[in-house]
Amino acid sequence: MSDDIKSVDKKEKNIIENKEENIIDKNAENAGKSSENGENKQKKQEYNFVNVSDEPNDIPEAKIRGEGKNSFVLFCLLFAILTALLFTPAFNIRAVTVTGNSALTAEQIVKSSGITTGRNILRVNSNAAEKSLEKIPMIKNADILLKFPSTVEIAVEECARAAYIKYMDKYICIDKNGKILEVAKTADNANLIIVTGVSPKEFIAGKSLVLKDADKLEALKSLLSEIEEAVYLPNAVKSIDLSDKNKITMVMDNEIIVNMGKNESLQYKMAYLTKTLETQLKTYRGGTLDLSDPSSAARYKGSAQ
């Protein structure tokens, strides 16, 4: 009997131990779930922390209306000021000055710009006026400066006139690059070189000169460029004859005829000519100077005064 009692006690003890183990396992499981729930809540909280709310900001409607009224008032004020400036006599143009001109008169330039006295200075379109002036063949660049309240300054850079091309009854004025500056019936500038022996194929003011013989045009442009670079020659050369492009001749202001030969070694020939005219032939008038062959000495035929 005592053995039976011991057996029962042992069974009850096993049952109690099993229950305690089940309770411990459930507590551990619950603790695990609680930990997971805590982590999930923390993650959710972190996620919510970095999210930007989609809900609109609560800006008072009265404040929005107030800012709109302020903007409208400011716009009306600026409009009123601008209108007053556009119509006040204080900003009417009283003087238009022109600088940098020599071939064109100030009146011609002002008229071409479209700027008139009495007009409000704020209504002047400087860019449009500059473009209008630069359409004139004689003008290379134009700059317009508005000096408030009532003065406009026009500064122009004119193309440098280099020569007249004598063709039939016309004088075609060109710069050193062959740009046609004007076509006139007379040569009104006695200091410009007269070019003969060429036949223009096309000549329109503002466009580039076109000759029937393109080689003669290149020779002419080379000669004009070299003459401009020489210190003594710009006013010393009176005429250029291109009738024979292999025997180009120039007449100087002392009436000496210079045979330049072909369109080659022009820089050397011009340097030699300048030095000779300033020294050996300084007192000579008339005669012929042969510079056609750069490899040989220059030859002069004529008489001294």
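In what follows, Ala, Val, Leu, Ile, Met, Phe, Trp, Tyr, Cys and Pro count as nonpolar, Asp, Glu, Lys and Arg as charged, and the others, Gly among them, as polar. The model is predicted, and local features need pLDDT of at least 70 while side-chain atom pairs count only at pLDDT 80 or more, although totals for chains, interfaces and linings use all residues. Residues are numbered from 1 along each chain as its sequence is written, and side-chain values use heavy atoms, with hydrogens and water left out.

The chain has 305 residues, of which 27% count as buried, meaning under 20% relative accessible area with a 1.4 Å probe and protein chains only. Its secondary structure comes to 6 helices and 14 strands, where helices (H or I, at least four residues) and strands (E, at least two) are DSSP runs numbered from the N terminus. Among contacts (heavy atoms within 4.5 Å) between residues at least 6 apart in sequence, 49% join residues at least 24 apart.

An open sheet of 9 strands runs in the order β6-β5-β4-β7-β10-β11-β12-β13-β14, with mixed pairing; two strands pair if DSSP finds at least two bridges between them. Its edge strands, each pairing on one side only, are β6 (180-184) and β14 (299-301). Neighbouring strands are turned against each other by 20° on average, direction ignored, the axes being lines fitted to C-alpha atoms, for helices over the stretch in contact, with angles from 0 to 180 degrees between N-to-C directions.

At one end of that order, β5 and β6 pair in the antiparallel sense over 4 bridges, and Y171 stands opposite A184 in β6. The hairpin of these strands has 5 residues between them, and there G178 takes a positive phi near 90°. Further along the order, β12 (residues 257-261) and β13 (residues 288-290) pair in the parallel sense over 3 bridges, and N259 has D290 in β13 as its bridge partner.

Two helices can be followed against the sheet. Helix α5 (residues 214-229) packs on the sheet and touches β4, β5, β7, β10 and β11, its direction making about 165° with that of β10. Helix α6 (residues 266-278) lies across β11, β12 and β13 and runs at about 160° to β12.

Rolling a probe the size of a water molecule over the atoms shows where empty space is left. On a 1 Å grid over the protein atoms alone, a cavity is a set of points where a 1.4 Å probe fits but cannot get out, and a pocket is an open set with protein on both sides within 12 Å along at least five of seven lines, while lining residues have an atom within 4 Å of a point. Grid points are joined across faces, edges and corners, and a volume is the space filled by probe spheres set on the points.

The search finds 1 cavity of 30 Å³ or more, and the largest cavity has a volume of about 80 Å³. Its lining divides into 6 nonpolar, 2 polar and 4 charged residues, among them Y268, K269, D290 and R299, and α6 gives the largest share, 3 residues.

The largest pocket holds about 400 Å³ of space and is lined by 19 residues, of which A160, R161, A162, K176 and E228 lie nearest its centre. Here α5 gives the largest share of the lining, 3 residues. A160 itself sits in the loop between β3 (151-158) and β4, and, leaving aside neighbours within four places in sequence, A160 is in contact with I174, D175, K176 and L181.

Conventions: Buried < 20%, exposed > 50% of the residue type's maximum accessible area, 1.4 Å probe, protein only.
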